[in-house]
Structures are given as C-alpha cells and as structure tokens.
Amino acid sequence: MTRRISRRNLLSGAAALAGGGLLLGCSPNASRSTAELSYWHLMTGGDGTVMAGLVDAVNGQNLGFTATQTVLAWGPPYYTKLAMASAGGRAPDLAIMHASRIAGYAPGGLLEPWDLDLLAEVGVREADFPPLVWQKGMYDGKLYSIALDTHPFVLYYNTEHAEKARVTDALQSMKSPEEFTEVAAKLQKVTGKHGLSYGYLGDGSQMWRLFYTLYRQTGAEMKLVPGRPAEVDEAAAVKALTFVRSLLNDTIATRSGDGGTATSEFLHGESGLLFGGVWELPVLKDAKLPFDARPIPTLFGTDAAYADSHTFVLPRQSKVSPERRRHVYQMVAEILKRSVSWAGAGHIPAYQPVVRSAEYQELKPQSNYVDIPEYVNYDPDVWFGGAGSDFHNYFEENVQGVYLGSGDPAAGFEGFVKRLNELLDRPQPV
C-alpha cells in the first residue's frame with residue numbers, strides 16, 4: 001500500500017528530528033537507537049494542528065522513539081485503507097478510529113487488543129476514564145480501543161439574544177418539548193429571522209445525531225444484532241421525529257437548511273440557538289460571537305446525548321516487535337496526559353486526571369458540558385455502523401422527507417428499519 005506523503009508528514013518528521021534525534025546527540029543516551037513509529041489518523045484543520053503539536057511534544061521527550069504521522073482523508077477513504085493495511089498485516093503501529101467503528105473491525109481480527117497490565121505500567125487505567133467511554137472500547141471481554149475524547153452534539157446559544165428575550169434562566173431549566181419551543185419562539189422575535197439554526201439537508205449524520213439524542217431521551221433503546229431483526233421502539237422514534245419536524249417550520253428554524261447555512265446564520269446573529277457538534281467551537285470563538293454552550297436539554301425524561309470518540313487502536317500486524325509495541329503504549333499515555341490542549345478544539349478529554357485539572361475546569365464553554373460522558377450514547381454496535389459509514393446515509397434516505405415536511409414519521413422510520421433488517425441478515429464481510 002502506498003503511503004500518502006503530505007506537507008504535514010514532512011513537517012512532522014522534520015520537527016521530530018529537530019525535537020528528538022538532534023537532541024539525542026547531546027544527551028547521555030546518544031548511542032541509544034530510536035524506534036520509528038508509524039501513526040495514522042484522519043485529523044485535519046484545527047484538530048490536525050493540535051494533534052501534530054501533541055505528537056511533536058511527545059517526540060521531544062526523547063523517550064527512545066519518534067512517531068511519524070500519516071494523515072488520510074476523513075471517512076470511507078481512511079477506514080478502507082486502514083482495513084486493507086490490517087488485513088495484509090502491513091498496518092501502522094498506531095491509528096485513530098472512531099469508537100463507533102470498533103464493532104466493524106474487532107470481530108474480524110483487524111485490531112489487536114490492548115494489554116491492561118502494560119497500560120497500567122505507563123499510567124493508564126480503567127479508573128481514569130468514564131465507565132461508558134471505557135466500555136465502548138470493549139469487545140468480547142477485551143479492550144480494543146482507548147478513548148482520547150468524547151465529542152458530543154450540544155446546544156449553543158447567543159448570550160446577548162438570550163438576555164434580550166429574557167430566556168437566560170429558561171435555557172438552563174428546559175425540561176419538555178413545549179418549553180424548548182417556547183424559548184426558541186421568544187428568540188425568534190428578537191432575531192427577526194429564526195430562533196434556532198439546525199443544518200441537516202443532505203447530511204445523514206446531522207439528522208441522526210439529533211434524532212438519536214431525542215430517541216434515547218425517551219428511554220428507548222436500539223439493539224442491532226446480526227441475524228436478528230432490529231429491536232426498536234417505533235412510538236419513541238415517531239415522537240422524536242415529530243418534534244424535530246415541528247421545529248422546522250420556517251419560523252423557529254428553516255425547513256431546508258444545511259450545515260453551512262446553519263452555522264452562518266448563527267454566526268451572523270440571525271438565530272439564537274444552534275444544534276451542533278463541539279467541533280464547531282473553534283469557528284464560533286474565532287468569530288468573537290457572544291455565545292455559550294450546554295448539553296442538549298433533557299426534553300423527554302431521560303438524560304441522553306449523542307456522541308462519538310476518537311480512540312487509539314492497534315491495527316493488526318503480521319510481525320509485532322515487543323519493544324516497538326511498548327513504545328506505542330508510552331506514546332498513547334503521553335498524549336492522553338497532555339490532552340488538555342485537545343480540549344481547546346471543543347472535545348471532552350477522556351482521561352479524567354486532565355478533566356479534573358484546574359486548567360481544564362477554566363475552559364469555557366467546554367467545562368459546561370463535561371458531564372455528558374456520564375450518559376453518552378454511541379451508535380448501536382453493528383458492523384455496518386459508525387462514523388463515515390453508510391448507516392447515517394440509510395437514515396437520511398428514509399427520514400429526510402419527514403424533516404422536509406413531506407413524509408410521514410412512522411413510514412420514514414419503518415423504511416429505515418427495513419433497510420437495517422436487510423443488512424442484519426447479511427454476514428459480516430470482514
């Protein structure tokens with residue numbers, strides 16, 4: 001497989017040599033060989049810059065290894081190449097994978113489990129992570145991924161508009177769909193355009209994130225087990241879909257907005273609320289917008305929030321060097337311990353000693369939604385699901401008409417479940 005050489009690869013490699021190899025020449029350990037670790041991830045933009053800084057910082061510790069980054073295109077290109085490399089035993093030493101994709105890789109032998117004893121030696125233990133986040137990395141009793149973060153879907157709000165609409169307190173106390181709608185309506189009167197911005201058109205992931213948050217808030221579950229029909233709660237799904245459609249009435253929110261429209265609208269003060277991922281935070285901060293953020297309110301009785309996690313995984317290799325593998329464990333531990341910088345991009349660090357630090361607690365609005373990992377909801381565990389898969393596209397194909405106002409919620413959800421059942425009847429391809 002051909003590795004894509006990018007400007008970041010070259011810069012990271014140069015920084016690694018400057019921060020590691022050259023310094024070794026002046027150290028007492030100058031004669032010690034330096035292992036070269038390969039690290040694949042899909043971080044670009046602001047996330048990519050922060051990740052490059054973390055890798056460079058670890059390389060600069062002169063720990064006996066130098067990590068070189070390879071950045072691949074987000075989504076299917078990344079996961080396809082990682083699967084091919086693992087299947088052929090030519091995988092990198094370390095890779096990033098969304099927690100929602102583990103179910104499609106661990107069962108087929110494309111990942112190696114982490115050694116808990118070796119993790120403990122480098123200072124990484126189960127007790128250092130939120131239980132639900134740690135558990136998401138487990139498969140068949142073994143740990144296959146270690147979370148770097150949790151990145152949930154949240155509610156942003158314009159603080160100036162909230163004050164004018166006199167809904168600042170209500171934003172923190174909303175407990176029903178009716179209360180949410182009332183707040184959004186009051187904000188619409190202030191902006192003169194919309195109360196809420198929510199971009200979903202042509203974006204199954206955005207549609208799913210809000211739906212699954214509300215669906216799980218009803219207490220409903222969704223279990224997808226290969227060889228068996230999907231276990232779902234149709235009444236809960238219809239309730240969630242009907243509520244979302246009620247918001248998309250061209251007054252509270254536009255009926256046909258996409259992601260770019262929603263963000264632009266909120267940035268220009270043309271709405272008071274924005275449903276979005278925490279990864280939107282850097283853009284909002286750069287705009288100097290008067291805003292804050294909080295978890296999506298519990299409107300149907302049960303605390304629930306959709307999220308995913310960037311996790312560290314060990315892709316399968318045909319030959320594993322115990323020394324190199326030990327260096328990989330050390331590298332992951334060092335990145336986790338420095339992950340307060342990763343929080344700057346909006347993500348919630350998974351490593352709790354960082355979350356408990358004064359430096360993280362001072363971050364706003366990040367620390368406002370720090371409790372979400374306690375009740376986080378990931379995509380259902382199934383081989384065809386997760387970030388960058390077609391799972392969210394199947395939801396869009398059947399439900400977008402509902403959001404646009406032309407489809408029946410029950411029929412749309414029924415079509416989605418029918419598609420799931422077709423896939424559940426197929427054997428896992430890996």
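A salt bridge is a side-chain nitrogen of Lys or Arg within 4 Å of a carboxyl oxygen of Asp or Glu, and a search of the whole structure finds ten of them. This is a predicted model, in which local features need pLDDT of at least 70 and side-chain atom pairs count only at pLDDT 80 or more, while totals for chains, interfaces and linings use all residues. Residues are numbered from 1 along each chain as its sequence is written, and side-chain values use heavy atoms, with hydrogens and water left out.

**Confidence**
- The chain averages a pLDDT (the predictor's confidence in each residue, from 0 to 100) of 91, and 92% of the residues score at least 70.
- Over residues 1-31 the pLDDT is below 50, although this stretch has 48 contacts (heavy atoms within 4.5 Å) beyond near neighbours in sequence in the model.
- Where pLDDT is low, the predicted coordinates should not be read in detail.

**A salt bridge to look up**
- R324 and D93 join their side chains in a salt bridge, at 2.6 Å from N to O.
- R324 belongs to helix α14 and D93 to the loop between α3 (76-87) and β3 (94-98), so this pair ties together parts that are 231 residues apart in sequence.
- Helices (H or I, at least four residues) and strands (E, at least two) are DSSP runs, numbered from the N terminus.

**Helices α2 and α14**
- The axes of α2 (residues 45-59) and α14 (residues 322-337) come within 10 Å and cross at roughly 120 degrees.
- Axes are lines fitted to C-alpha atoms, for helices over the stretch in contact, and angles run from 0 to 180 degrees between N-to-C directions.
- The two helices are therefore oblique to each other; angles under 35 degrees count as roughly parallel, over 145 as roughly antiparallel, 65 to 115 as roughly perpendicular and the rest as oblique.
- From α2, L54, V55 and V58 meet M331, E334 and I335 of α14.

**Helices α11 and α18**
- Here the axes of α11 (residues 234-247) and α18 (residues 409-424) come within 9 Å and cross at roughly 120 degrees.
- That makes α11 oblique to α18.
- Among the α11 residues that meet α18 are A237, V238 and L241, and the α18 side includes F413.

**Two backbone details**
- Most residues other than glycine have a negative phi, and most peptide bonds are trans.
- D140, in the loop between β5 (138-139) and β6 (142-143), has a positive phi near 55 degrees.
- The peptide bond from K364 to P365 is cis, with omega near 5 degrees, and P365 sits in the loop between α16 (358-361) and β15 (376-377).
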